[in-house]
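Here's a quick briefing to read alongside the model. Have the structure open and follow along.

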Amino acid sequence: MSSIICDVNLPRRFLSFIGGTLHEIGKPEMQQKINSSLGKEGIEKTAERLQTTAHTLQVIIDGLSQPESFDFRTDFDKPDFKRSIVCLEDLQVGTVLTGKVENATLFGVFVDIGVGKSGLIPIRSITEAKLSKTKKRRSLGLGPGERVEVKVLNIDIPRSRISLDLLRVL
């Protein structure tokens, strides 16, 4: 069995392999070049040539083929927002809400809780005990689209900041 190389430059190598450019990503020309290249050898042979798996190559192809305006987060389930809480001023410390992870950073996770401003769960509040036991995870990170239950810890209305504590992943 040959070894597979984990290569962060693989998308660029694939672009070079098909004769594509960064400016063509998401455009019809990119899809034509991908189809032409894969039509000759197929995805398995192309993946082997690039020293990767067909699955990894398919993920790269999907990413390069998406329209420029594509946002994968639009297909996520919507959280169940409380109807009585619609703005920052409606929040109270201690309130338990459901929300949807919008973005993850090195310092925490931003969650849409339905008040027009995302709240922040600091990274120190994300522990293994609070994460879903049914989902396999590679890290303690939460990703965009995940539904969570949070508790409001602090509300800073003048600065429009909301501090949250992660209770559990739904």
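What follows covers the cores, a helix pair and an aromatic pair.

This is a predicted model, where local features need pLDDT of at least 70, side-chain atom pairs count only at pLDDT 80 or more, and totals for chains, interfaces and linings use all residues. Residues are numbered from 1 along each chain as its sequence is written, and side-chain values use heavy atoms, with hydrogens and water left out.

**Nonpolar cores**

- A nonpolar core here is a set of buried Ala, Val, Leu, Ile, Met, Phe, Trp, Tyr and Cys residues joined through side-chain atoms within 4.5 Å, with buried meaning under 20% relative accessible area, exposed over 50% and partly exposed in between (1.4 Å probe, protein chains only).
- The largest core has 20 residues, and Leu91, Val111, Ile113, Leu142, Val148, Ile162 and Leu164 touch the most other members.
- Strands E1 (96-104), E2 (108-112), E4 (147-156) and E5 (161-169) each give two or more residues to this core; strands (E, at least two residues) and helices (H or I, at least four) are DSSP runs, numbered from the N terminus.
- Another core, of 14 residues, lies apart from it and includes Ile18, Ile34, Ala47 and Ala54.

**Helix pair**

- H1 (residues 10-18) and H2 (residues 28-49) pack at about 115°, axes 9 Å apart, with axes fitted to C-alpha atoms over the stretch in contact and angles running from 0 to 180 degrees between N-to-C directions.
- Contact (heavy atoms within 4.5 Å) involves Phe14, Leu15, Phe17 and Ile18 of H1, and residues of H2 including Met30, Ile34 and Arg49.

**Aromatic pair**

- The whole structure has 1 aromatic pair (ring centres within 6.5 Å; planes under 30 degrees apart are stacked, over 60 edge-to-face, the rest tilted).
- Phe107 and Phe110 form this edge-to-face pair, 6.0 Å centre to centre with 90° between the planes.
- Phe110 counts as partly exposed, at 25% relative accessibility.
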